[in-house]
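Have a look at the model first, and then read on.

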Amino acid sequence: MDLFFTEQQAQTLTHPAMGTVMTHQSYGENSEDCLTTIRMEIERLEAMLSRFRPHSDISRINQNAGCNAVTINDETMQILLAAQQTANTWTQAFDITITPLVNLWRTAAASQTPPARKAIQEAMQLVDHQDLRLHPACNQAGLRKTGQCLDLGGIAKGYAANRLRDCWCAFNIHSAFSNLGGNVIAHGCKPDGSPWRIGIQHPRMEQHLLGAVTIENEAVVTSGDYQRYFIGKDGQRYHHIIDPQTGRPSRSDLISVTVITPDAMLADTLSTLLFISGMYKGVEILKNYPECEAILVDQNLKTYISKGLCDRFTPTSCTQSTVLNPHGVFSI
């Protein structure tokens, strides 16, 4: 753990968690105690939600797939209900039972060889969000088929980011910022009263930014095909965001999606949902979330921003951007 003061009297905590490295920056006299609490909270959530922790709620559900439902924590139930509602609303574009396919493609990435079609078809038989059985009245959850497996990778960090906001409020912190391995959340504004400025990675130029967006009391989450991928012998890019409908890495017309909204868990799920859905359907989906702003990058490296970002997003010189026109095909 690294904990130190900056010249601006901020306190910063950097620590490994949830398969990544997280950094938290806080201003205020209670910052040291707050950051200690934040680390403990992240550790608590990971112990409860990670499928890689053998005694977590998610692992126990997975271990009992096809058998009995298990009793889980209230928070786990709320996260699962939210994930199931998203899956029910936007059928086949967001599915937390996708783990068998994720595991299959992770093995493929190690050998840089796509899985056989038969292996994909077999794994797809275990992917169906409707097989997740939730019983909120008694806090029990289970999976219908043996071999099915949950993974909260598309929602858990968003929930954790929301919990950080609760920690900041509890310690009377008015200015803070956290980067949960690419999931960013800001509390209030910077100490000087200006908004936080968040750089968005260019999806094809590793050392360049697409642009920067200003935020206050908001989360910023990006999903893209450039984050974890391999190039196959066929020259195709195989990334880590799997489309439940095909069993393969998503092949929509989008290569990067950034969502900005106060609810970090919504930003987490929506970035994946929009990425898989593609430009046209994604813009239609955005109409249902007026509190959300988005930055969409298509395969031609054309960048589209929602109307609410007109005065908040600054593209770099290598970025060609267009506002999602309310009178045009990209209307929101």
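In which hand does α1 pass α6? α1 passes α6 in a right-handed crossing, where right-handed means that the near helix is turned clockwise from the far one by less than a right angle, and left-handed that it is turned anticlockwise. Please keep in mind that this is a predicted model, in which local features need pLDDT of at least 70 and side-chain atom pairs count only at pLDDT 80 or more, while totals for chains, interfaces and linings use all residues. Residues are numbered from 1 along each chain as its sequence is written, and side-chain values use heavy atoms, with hydrogens and water left out.

**Helix pairs**

Two packed helices are described by the angle between their axes and the distance between the axes. Axes here are lines fitted to C-alpha atoms, for helices over the stretch in contact, with angles from 0 to 180 degrees between N-to-C directions. Helices (H or I, at least four residues) and strands (E, at least two) are DSSP runs numbered from the N terminus.

| Helix pair | Angle between axes | Distance between axes |
|---|---|---|
| α1 (residues 31–49) and α6 (residues 156–170) | about 150 degrees | 10 Å |
| α4 (residues 99–111) and α5 (residues 117–124) | roughly 155 degrees | within 8 Å |
| α7 and α8 (residues 279–286) | about 145 degrees | 7 Å |

α1 and α6 are therefore roughly antiparallel to each other, a label for angles over 145 degrees. Their contact (heavy atoms within 4.5 Å) involves residues including Ile 38, Glu 41 and Leu 45 of α1 and Tyr 159, Arg 163 and Trp 168 of α6. By class, this contact of α1 with α6 has 11 nonpolar, one polar and three charged residues. Ala, Val, Leu, Ile, Met, Phe, Trp, Tyr, Cys and Pro count as nonpolar, Asp, Glu, Lys and Arg as charged, and the others, Gly among them, as polar.

α4 and α5 are likewise roughly antiparallel to each other, and their crossing is right-handed. Pro 100, Leu 101, Leu 104 and Trp 105 of α4 meet Ala 119, Ile 120, Ala 123 and Met 124 of α5. This contact of α4 with α5 has eight nonpolar residues, with no polar and no charged ones.

Between α7 and α8, Leu 270, Leu 273, Leu 274 and Ser 277 in α7 meet Met 279, Lys 281, Gly 282, Ile 285 and Leu 286 in α8. The classes in the contact of α7 with α8 are six nonpolar, two polar and one charged.

A pocket is an open set of points on a 1 Å grid where a 1.4 Å probe fits, with protein on both sides within 12 Å along at least five of seven lines, and lining residues have an atom within 4 Å of a point. Of the 13 lining residues, Ala 82, Gln 85, Thr 86, Leu 266 and Tyr 289 lie nearest the centre. α7 gives the largest share of the lining, five residues.

**Positive phi**

Met 18, with phi near 50 degrees, is in the loop between β2 (10–17) and β3 (20–27). Asn 172 has a positive phi of about 60 degrees.

Key
Parallel < 35°, antiparallel > 145°, perpendicular 65-115°, else oblique.
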